[in-house]
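Hi,

Here is the structure I promised to pass on. Have a look at it first, and my notes on what turned up follow below.

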Amino acid sequence: MAPVRTVCVYCGSGFGGDPAFTTAAEALGKALAQAGIGLVYGGGNVGLMGTVARAVIENGGHVTGIIPDFLKSRERMLDEIQETIVVEDMHTRKRLMFERSDAFVALPGGIGTLEELVEQLTWAQLGQHRKPILLLSVADFWTPLLTLLDHMRDQGFIRAGLDLSYLVTSEAADVVDLLRAAAQDAEPAPAAEAFVTERF
């Protein structure tokens, strides 16, 4: 597996109701910059998105923002970032974020954050990539989702051989080490297509 040089961070365009979310976003941005890892994110300057990007910049790191044209005024792009890519639609945005990233981290966020996270989990489940995926569960934010995933396993919808691969931590300071260890240990993607064809 290639080294972790860039990390895509999914997170809210709002701050949420707990100040711990903002603190974690700041700490994550600082940790990425200090580790020499570039940030790939949604390009806005508001909420946790803007917080993590500014923290990377303030600590000497590199930021790539990818934003669809229709969101430029709503989320207001962060002018200080080194690279801004404006695309036509959300599908192109998500594809470029995937291609530009070696790993993925989900901070607290709303339905968009959840959708992006679940898409990466799905692609990994189907053997399309082995890039590490980490849920930064600040103040137990992701616990309800983890409970739901356990429920899906219990009900037989997440089966052996098609289980999900993800990391969980509540501490931003642990993120870099966890991602690097996971990337180092990753094996080549399994022949998931054959398995899916056989089972479905």
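**What I found**

D140 counts as exposed, at 56% relative accessibility (buried is under 20% relative accessible area, exposed over 50%, partly exposed in between, with a 1.4 Å probe and protein chains only). D140 sits in the loop between β6 and α6, and its phi is positive, about 60°, although it is not a glycine. A139 lies in the loop between β6 and α6 too, with a positive phi near 50°.

Before you dig in: this is a predicted model, where local features need pLDDT of at least 70 and side-chain atom pairs count only at pLDDT 80 or more, while totals for chains, interfaces and linings use all residues. Residues are numbered from 1 along each chain as its sequence is written, and side-chain values use heavy atoms, with hydrogens and water left out.

**Overall**

The chain has eight helices and seven strands (DSSP runs numbered from the N terminus: helices are H or I with at least four residues, strands are E with at least two). Of its 200 residues, 45% count as buried. Among contacts with a separation of 6 or more, 71% are between residues 24 or more positions apart (contact means heavy atoms within 4.5 Å).

**Cores**

The largest nonpolar core has 33 residues, and V7, V9, L28, L39, V105, L107 and L136 touch the most other members (such a core is a set of buried Ala, Val, Leu, Ile, Met, Phe, Trp, Tyr and Cys residues joined through side-chain atoms within 4.5 Å). The elements giving two or more residues to this core include β1 (6–10), α1 (19–34), β5 (103–106) and α7 (175–185). α1 gives the most, with seven residues. Leaving out residues up to four places away in sequence, V105 touches V7, C8, V9, Y10, L28, L134, L136, V175 and L179. Apart from this core lies another, of 22 residues, with F98, F104, L121 and L145 among them.

S101, in the loop between α4 (90–99) and β5, counts as buried at 1% relative accessibility. Beyond its neighbours within four places in sequence, S101 is in contact with T6, V7, C8, V40 and K131.

**Salt bridges**

A search of the whole structure finds six salt bridges (a side-chain nitrogen of Lys or Arg within 4 Å of a carboxyl oxygen of Asp or Glu). In one of them, the side chains of E83 and R100 meet at 3.1 Å, N to O. E83 is in strand β4 (residues 83–87) and R100 in the loop between α4 and β5, so this pair ties together parts 17 residues apart in sequence. E119 and K94 also pair, at 3.5 Å, N to O; E119 is in helix α5 and K94 in helix α4, so here the tied parts are 25 residues apart in sequence. K94 counts as buried, at 10% relative accessibility.

D150 and R153 form another salt bridge, with their closest N and O atoms 2.8 Å apart. Both are in helix α6, three residues apart, so about one helical turn separates them. D150 is partly exposed, with a relative accessible area of 41%, and R153 is partly exposed as well, at 23%. Salt bridges that share partners also join K94, E115 and E119 into one network.

Over to you!
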